[in-house]
Amino acid sequence: MNGERNHNGSGASDGTGPEAVSEQELSQLEDAFRRLQRKVVSEWNKADLHGLTHTQAGILVKLERFGPQKASALAEMLSVTSGAITGIADKLLELGFIVRDRNEDDRRVVQLGITGSGRALVETIMAKRREILNRMFTGLSREEIVQLTAIYEHILRNMEQNEQTRMPE
């Protein structure tokens with residue numbers, strides 16, 4: 001039935017989907033999601049990793065994992081705009097955690113790369129990430145975590161499908 005419509009077009013003939021959930025239940029879900037987002041950001045901000053935001057830390061982790069990258073590639077990896085990456089990178093440059101380098105093959109292309117001090121900080125970032133995730137998922141079984149991941153992936157697919165089928169304004 002995955003994504004299929006029932007005879008009246010609602011897509012909820014099997015009692016699943018948002019049509020099968022009350023407005024109060026949807027509000028509770030939305031509220032829980034927002035509170036979780038705020039809590040994760042709050043926990044991250046308590047980490048005091050040179051005042052880095054979650055996105056700044058994400059840039060360092062991506063550069064450590066994938067090597068030098070153009071701002072546009074980092075933007076795509078982190079689901080932010082290229083313009084946002086430029087501003088975010090400025091603080092990391094100022095702190096000495098990344099460098100801007102010109103591509104040797106095409107001097108017009110600027111890539112961001114991680115420095116030694118940035119690499120050292122990634123170890124701390126990953127430890128903090130693990131600590132936060134451990135607290136978040138304490139009490140959940142491996143199977144529940146796998147199921148939650150599958151639910152998140154399903155929601156993302158729904159959102160991506162909606163983006164693709166949305167009519168231009």
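These entries record what I looked up in this predicted model.

**Entry 1: helix 5**

I began with helix 5, which covers residues 116-137. I noted 22 residues and a reach of 32 Å from the first C-alpha to the last, close to the 32 Å expected at 1.5 Å a residue. I then asked which residues of helix 5 are buried. I found Gly-118, Leu-121, Val-122, Ile-125, Lys-128 and Ile-132. Seen down the helix axis, these buried residues fall within an arc of 140 degrees, so they line one face of helix 5. They pack against helix 1 (23-46), helix 2 (54-66) and strand 3 (110-114). On the other side of helix 5, I listed Gly-116, Glu-123 and Arg-130 as exposed. Just after the helix, I noted that Gly-139 takes a positive phi of about 90 degrees.

**Entry 2: salt bridges**

I next looked up how many salt bridges the structure holds.

In helix 1, I found Arg-35 and Asp-31 four residues apart, a separation of about one helical turn. Their side chains meet in a salt bridge at 3.0 Å, N to O. Both partners are partly exposed, Arg-35 at 47% relative accessibility and Asp-31 at 38%.

Lys-39 and Glu-43 also lie in helix 1, four residues apart. I recorded 3.5 Å between the closest N and O atoms of their salt bridge. The cut-off for buried is under 20%, so Glu-43 qualifies.

In helix 5, Glu-131 and Arg-135 are four residues apart, about one helical turn. I found the closest N and O atoms of this salt bridge to be 2.9 Å apart. Arg-135 is partly exposed at 41% relative accessibility, and Glu-131 is partly exposed at 37%. Salt bridges that share partners join Lys-39, Glu-43, Lys-46, Lys-128, Glu-131 and Arg-135 into one network. I noted that Lys-128, a member of this network, is also among the buried residues of helix 5.

**Entry 3: a nonpolar patch**

Last, I looked at the surface. Leu-36, Met-136, Ile-151, Tyr-152, Ile-155 and Met-159 form a nonpolar patch there, with about 510 Å² of accessible area together. Met-159 lies in helix 6 and is partly exposed, with a relative accessible area of 48%.

Key:
Residues are numbered from 1 along each chain as its sequence is written. This is a predicted model: local features need pLDDT of at least 70, side-chain atom pairs count only at pLDDT 80 or more; totals for chains, interfaces and linings use all residues. Side-chain values use heavy atoms; hydrogens and water are left out. Patches are made of residues with over 30% relative accessible area and no salt bridge: like charges are joined within 9 Å, nonpolar side chains (Val, Leu, Ile, Met, Phe, Trp, Tyr) within 5 Å. Accessible areas come from the Shrake-Rupley method with a 1.4 Å probe; for residues, only the protein chains shown count as cover. A salt bridge is a side-chain nitrogen of Lys or Arg within 4 Å of a carboxyl oxygen of Asp or Glu. Helices (H or I, at least four residues) and strands (E, at least two) are DSSP runs, numbered from the N terminus. Buried means under 20% relative accessible area, exposed over 50%, partly exposed in between (1.4 Å probe, protein chains only). The expected span of a helix is 1.5 Å times one less than its number of residues. The arc is that of the directions from the helix axis to the C-beta atoms. Contact means heavy atoms within 4.5 Å.
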